[in-house]
Amino acid sequence: MAERLLILRHGEAGAGWPDAERALTEHGRREVARQAAWLAERCDLAGLHLLASPFLRARQTAAIIGEALGAAVETLPIITPDDDPAAVADWLLARPAERPRLLVSHMPLVGALTGLLVEGRADRGLGFSTAAVAELEADVWAAGCARLVGFTTPSDLS
């Protein structure tokens, strides 16, 4: 049976330094809230395993999603902007899931990870606007073995 993985880029963040402490803007909070409301209406995400990058904007995004879906947020240190998508794929492969997972992360990782899992190459990933979510299914989380079954941006929900 295929596993479901959602990959979500954090909402719009303000400028600042250090990068890990950049916070969501009000616009970013609104676009994430729109995605969260849409995700909460779905019945296929029961028991969602919600994982976020340790960076502030990703944790804030995950908190909004988690509140809407009734899911606790777990921090996953290997999904920061410049982490290796192959390491994330290895992590997924080593941990089969009995429930859908949602990773809240950053560009370029979200695009590279999607490209690696779907196309078999990290350089073939999607361009993610802020708060965009890619939905993948796979029997095994290895390079080129996933199917992209959906891609939704906040503007698609207006």
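Q: How far does helix α1 (residues 26–40) reach from its first C-alpha to its last?
A: In this predicted model, local features need pLDDT of at least 70 and side-chain atom pairs count only at pLDDT 80 or more, while totals for chains, interfaces and linings use all residues. Residues are numbered from 1 along each chain as its sequence is written, and side-chain values use heavy atoms, with hydrogens and water left out. Helix α1 has 15 residues; helices (H or I, at least four residues) and strands (E, at least two) are DSSP runs, numbered from the N terminus. The expected span, 1.5 Å times one less than the number of residues, is 21 Å, and α1 is close to this with a reach of 21 Å.

Q: Within what arc do the buried residues of α1 fall?
A: Buried means under 20% relative accessible area, exposed over 50%, partly exposed in between (1.4 Å probe, protein chains only). In α1, the buried residues are G28, E31, V32, Q35, A36 and L39. They line one face of the helix, because, seen down the axis, with the arc taken from the directions from the axis to the C-beta atoms, they fall within 140°.

Q: Is L39 buried or exposed?
A: L39 is found in helix α1. It touches L6, L45, I65, L69 and L102, not counting residues up to four places away in sequence. Its relative accessible area is 1%, so L39 is buried.

Q: How far apart in space are L39 and A94, C-alpha to C-alpha?
A: In sequence, 55 residues separate L39 and A94. In space, the distance is 26 Å.

Q: Which side chain makes a polar contact of 2.6 Å with that of R4?
A: R4 sits in strand β1 (residues 3–9). A polar contact is a pair of N or O atoms within 3.5 Å; within protein, one must be able to donate a hydrogen and the other to accept it, and residues adjacent in sequence count only if both atoms are side-chain atoms. The contact of 2.6 Å is with E137.

Q: Which side chain makes a polar contact with that of H106?
A: H106 lies in the loop between β4 and α4 (109–119). At 1% relative accessibility, H106 counts as buried. Among the residues it touches are H10, F55 and I79. Its side-chain polar contact, at 3.5 Å, is with R57.

Methods
Contact means heavy atoms within 4.5 Å.
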